[in-house]
There are 2 protein chains.
Amino acid sequence: MISGVLLDLAGVLYDGEVPIPGGAEAVVRLRDAGLPLRFVSNTTRSTKQAVLDQLARLGLSVRSDELFTPAQAAREWLSQHNRSPHLLIHPDLVADFGDPGDRAGKVVIVGDAGEAFTYSALNDAFRVLVEGAELLALAPNRTFKDADGKLSLDAGPFVTALEFASQKQALVLGKPSSAFFLSALASMNCPEAEAVMVGDDAETDVAGALRAGLASALLVRTGKYRAGDEDRFRPGPTVTVDDIAAAADWIIAARNG
Amino acid sequence: MISGVLLDLAGVLYDGEVPIPGGAEAVVRLRDAGLPLRFVSNTTRSTKQAVLDQLARLGLSVRSDELFTPAQAAREWLSQHNRSPHLLIHPDLVADFGDPGDRAGKVVIVGDAGEAFTYSALNDAFRVLVEGAELLALAPNRTFKDADGKLSLDAGPFVTALEFASQKQALVLGKPSSAFFLSALASMNCPEAEAVMVGDDAETDVAGALRAGLASALLVRTGKYRAGDEDRFRPGPTVTVDDIAAAADWIIAARNG
């Protein structure tokens, strides 16, 4: 049986500013079926509020407590560990970090910085790591589907570059971190064994959710999906479906076991 | 016995434009001892001719056929494999590639591009890889000692980023590629078992040379050397010495076995 649903955003409900057909209806149908929803996104190019505003523009009504972002997880981590951040993130995301005040140690935080990934910004971050800082990755995604429809470099390759140079391993805060999936499930009191994830990334969404213990994970053939992705990473998807509408059909049919 | 010597350049004979004390004399002493020399450098920020000019300014007389650079190895590879290059290299190195003319396939060539490692240049290279190009790394070095005396990011982290994003493995042309060491040795008819390498990089110079089968590899405590480097990579150096002058002492004393 299914008693909670996690949904990825970019590539599942929209591509850039273009809604994926049937997305808003699928969300309504899942809600009408009595299924609690959480939205788990690795998008790190805009603040949480900007993501909520974008969802509203697309006709999706999502509450703030239903949306889980890596920046939110990072802010909690910084506070728990008494660290101040050295940010290597998109300028539009900086507002989500506020002023951390005076703290004991430094940590380098890497998001999808886009054009802000310059040599000198990467080198500055590397030098902070050499001086002893820890390395946090908001997201380890390899690629995302860009505005021109082609794949572009996401945060993951740059995290890997800093790991290689500093010989430190990054702690990943967004998907596929099990803690990220589990905190979203915990917020709706949904056990892993009764949860399903829907995403377009066979690695961070699907394999990540299954490794975190979720009962099932659906791969949609929208967004960054490329033919053969279902066989490219382990564990593979429970099922691969055309889009979020088909995913909602599958979930509603399967929800009573 | 020792019948041939490979010397690294940056960090061994000079730091930037500053000669390392005793370097020029050490080269003369090795030549006077009858030892053939080859200079194997992973420096990819300037043409071969510019490196030779720099050595001359530092009072080191080095013939063109004594200097082995990754760009030279790459040009040979391109010709043998009938490929045209998509260059992600330092602007000062472009001249070493000339005009390859019309060729069958594309290959992405990554060197230490410095500030030319922009997001869009990296993303362009990634997209060429996605379209089917192979990936060549002129050098996989993690770091180099920068003009301010601190470590900075070398080509390796960016090669790793492109490998991670494209899920392709780079072919390395410079050190620690065994082919690179062996072609330098072959040019002086020196068997691996009678060869010694001197470098400041415990990974690409020392471990690389020993993996290629060289009898010994000396690590100098100049250039990018940091305390503990001798224990950081396997195989470790035959011996760690203060500088190129001490390395020359060791080699001259050991040359007759």
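This is a predicted model: local features need pLDDT of at least 70, side-chain atom pairs count only at pLDDT 80 or more; totals for chains, interfaces and linings use all residues.
Trainee: When I look at helices α1 and α8 of chain B, how should I describe the way α1(B) passes α8(B), as a left-handed or a right-handed crossing?

Mentor: In the model, α1(B) passes α8(B) in a left-handed crossing. The two partners are helix α1, residues 23-32 of chain B, and helix α8, residues 244-254 of chain B, and their axes come within 8 Å and cross at roughly 15 degrees. Angles under 35 degrees count as roughly parallel, and therefore α1(B) and α8(B) are described as roughly parallel to each other.

Trainee: Which residues of α1(B) and α8(B) make the contact?

Mentor: From α1(B) come B:Gly23, B:Ala26, B:Arg29 and B:Leu30, while α8(B) brings B:Ile244, B:Ala245, B:Ala248, B:Asp249, B:Ile251 and B:Ile252. Sorted by class, the contact of α1(B) with α8(B) has seven nonpolar, one polar and two charged residues.

Trainee: At what angle do α1 and α8 of chain A pack?

Mentor: In chain A, helix α1 (residues 23-32) and helix α8 (residues 244-254) pack at an angle of about 15 degrees, and their axes are 8 Å apart. The helices α1(A) and α8(A) are therefore roughly parallel to each other, and their crossing is left-handed. Where they touch, A:Gly23, A:Ala26, A:Arg29 and A:Leu30 in α1(A) meet a set of residues in α8(A) that includes A:Ile244, A:Ala248 and A:Ile252. The residues of this contact of α1(A) with α8(A) divide into seven nonpolar, one polar and two charged.

Trainee: How are α4 and α5 of chain B placed, roughly parallel or oblique to each other?

Mentor: Begin with the angle: helix α4 (residues 119-130) and helix α5 (residues 155-166) of chain B pack at about 45 degrees, with their axes 10 Å apart. The helices α4(B) and α5(B) are therefore oblique to each other, and α4(B) passes α5(B) in a right-handed crossing. On the α4(B) side the contact is made by B:Leu122, B:Ala125, B:Phe126 and B:Leu129, and on the α5(B) side by B:Phe158, B:Leu162, B:Ala165 and B:Ser166. By class, the contact of α4(B) with α5(B) divides into seven nonpolar, one polar and no charged residues.

Trainee: How do I read the salt bridges, and how many does the structure hold?

Mentor: Side chains of opposite charge can pair when their charged atoms come close. Over all chains, the structure holds 31 salt bridges. One of the salt bridges joins the side chains of A:Asp8 and A:Lys175, at 2.8 Å from N to O. Since A:Asp8 lies in the loop between β1 (4-7) and β2 (14-15) of chain A, and A:Lys175 in the loop between β11 (171-172) and α6 (178-186) of chain A, the pair ties together parts that are 167 residues apart in sequence.

Trainee: How many salt bridges lie between chain B and chain A?

Mentor: There are three salt bridges between chain B and chain A, and in one salt bridge the side chains of B:Arg127 and A:Asp148 meet at 2.7 Å, N to O. For the interface as a whole, 31 residues of chain B are in contact with 31 residues of chain A. The area buried between the two chains is about 2700 Å², of which carbon and sulfur atoms give 60%.

Trainee: Which residues are joined by the cis peptide bond in chain B, where omega is about 5 degrees?

Mentor: That cis bond joins B:Lys175 and B:Pro176, and B:Pro176 is found in the loop between β11 (171-172) and α6 (178-186) of chain B. In chain A, the peptide bond from A:Arg234 to A:Pro235 is cis, with omega near -10 degrees, and A:Pro235 has its place in the loop between β13 (216-220) and β14 (239-241).

Technical notes:
Residues are numbered from 1 along each chain as its sequence is written. Chains are lettered from A and ligands numbered from 1 in the order in which they are written. Side-chain values use heavy atoms; hydrogens and water are left out. Axes are lines fitted to C-alpha atoms, for helices over the stretch in contact, and angles run from 0 to 180 degrees between N-to-C directions. Helices (H or I, at least four residues) and strands (E, at least two) are DSSP runs, numbered from the N terminus. Angles under 35 degrees count as roughly parallel, over 145 as roughly antiparallel, 65 to 115 as roughly perpendicular and the rest as oblique. A crossing is left-handed if the near helix is turned anticlockwise from the far one by less than a right angle, and right-handed if clockwise. Contact means heavy atoms within 4.5 Å. Ala, Val, Leu, Ile, Met, Phe, Trp, Tyr, Cys and Pro count as nonpolar, Asp, Glu, Lys and Arg as charged, and the others, Gly among them, as polar. Buried area is the accessible area (1.4 Å probe) that two parts lose on being put together, summed over both. A salt bridge is a side-chain nitrogen of Lys or Arg within 4 Å of a carboxyl oxygen of Asp or Glu.
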